[in-house]
Amino acid sequence: MAELAVARTYGSALFEAARDLDKIELIKNEIAEMLEIFKSNPEFMLFLNAPSISHDEKKAVLHDLFEGQFSREFLNFMDILIEKGRMRRFEKIASVYTELVNTEEGITVGIIYSAVPLDSDRLERFEKETGKLLRKNVRLENEVDKSLIGGGKIFADGKMIDASLRARVSALMDTIK
């Protein structure tokens, strides 16, 4: 619970600062890029969380590596996370920030489970159709679920749309009975 409060506090503060500076999209992209860096180089995150290394040393390395690649504001935010010992929470903070950006832009994020990966055209069609049903802008992330025979399941805005083949067959059997 405390972890979520920390993430909310820092994610909200970053969002408010980005909005004040009119850099919401820039910071969102920088967060995504940093998440990718941490994912591909887990040792870097271990370095930033190592208690045996001073805050100043961590910040110096961060600036040496990313000065000019990331905005001054984003690097300053990373400095604060290092100084306060909050780098472990970066992923959750990033999630809160993204959530706030989506809310600001009126976007609902959901997941579409399908038997096979969807190409971008099909995914876009599902987003539009789901958006019409929910009367919102919807952005879907595709996840493969091998248990599905065909069709798909969409979870968005606290609702489930089950368009799987299994659900259709079950509904047909109920109608026949």
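In this predicted model, helix H3 spans residues 42–49, and its buried residues are Phe44, Met45, Phe47, Leu48 and Asn49. An α-helix has 3.6 residues a turn, so residues three or four places apart point the same way. The cover over the buried residues of H3 includes helix H2 (24–40), helix H4 (55–66), helix H5 (72–83) and H6.

H3 also contributes to the largest nonpolar core. This core has 34 residues. Those with the most contacts inside it are Met34, Phe38, Met78, Met87, Phe90 and Tyr97. Helix H1 (2–20), H2, H3, H4, H5 and H6 each give two or more residues to this core. Another core lies apart from it and has eight residues, among them Ile112, Leu134, Ile154 and Ala156.

Phe70 sits in the loop between H4 and H5. Its relative accessible area is 5%, under the 20% limit, so Phe70 counts as buried. Leaving out residues up to four places away in sequence, Phe70 touches Glu30, Glu33, Met34, Ile37 and Leu75. Ile80 is ten residues from Phe70 along the chain, and their C-alpha atoms are separated by 15 Å.

Thr130 belongs to helix H7. Thr130 is buried because its relative accessibility is 2%, and buried means under 20%. Its contacts, not counting residues up to four places away in sequence, are with Val138, Leu140, Ile154, Ala156 and Ile161.

Asp119 is placed in the loop between E1 and helix H7 (120–134). With a relative accessible area of 44%, Asp119 is partly exposed. A polar atom of the Asp119 side chain lies 3.2 Å from the backbone nitrogen of Asp121. The backbone nitrogen of Arg122 lies 2.8 Å from a polar atom of that side chain. Asp119 and Asn142 are 23 residues apart in sequence, while their C-alpha atoms are 9.3 Å apart in space.

Backbone angles were also examined. Most residues other than glycine have a negative phi. Arg135 has a positive phi, near 60°, and is not a glycine. This residue is found in the loop between H7 and E2. Arg135 is exposed because its relative accessible area is 78%, over the 50% limit. Asp157 also has a positive phi, of about 55°. Asp157 lies in the loop between strand E3 (152–156) and strand E4 (159–162). Its relative accessibility is 30%, between the two limits of 20% and 50%, so Asp157 counts as partly exposed.

The largest pocket holds about 270 Å³ of space. Its lining consists of Lys28, Thr98, Glu99, Asn102, Thr103, Ile107, Val109, Arg139 and Glu141. At least two lining residues come from each of helix H6 (90–104), strand E1 (107–114) and strand E2 (137–144). H6 supplies the largest share, four residues. By type, the lining divides into two nonpolar, three polar and four charged residues.

Conventions: Residues are numbered from 1 along each chain as its sequence is written. This is a predicted model: local features need pLDDT of at least 70, side-chain atom pairs count only at pLDDT 80 or more; totals for chains, interfaces and linings use all residues. Side-chain values use heavy atoms; hydrogens and water are left out. On a 1 Å grid over the protein atoms alone, a cavity is a set of points where a 1.4 Å probe fits but cannot get out, and a pocket is an open set with protein on both sides within 12 Å along at least five of seven lines; lining residues have an atom within 4 Å of a point. Grid points are joined across faces, edges and corners, and a volume is the space filled by probe spheres set on the points. Ala, Val, Leu, Ile, Met, Phe, Trp, Tyr, Cys and Pro count as nonpolar, Asp, Glu, Lys and Arg as charged, and the others, Gly among them, as polar. Buried means under 20% relative accessible area, exposed over 50%, partly exposed in between (1.4 Å probe, protein chains only). A polar contact is a pair of N or O atoms within 3.5 Å; within protein, one must be able to donate a hydrogen and the other to accept it, and residues adjacent in sequence count only if both atoms are side-chain atoms. Contact means heavy atoms within 4.5 Å. A nonpolar core is a set of buried Ala, Val, Leu, Ile, Met, Phe, Trp, Tyr and Cys residues joined through side-chain atoms within 4.5 Å.
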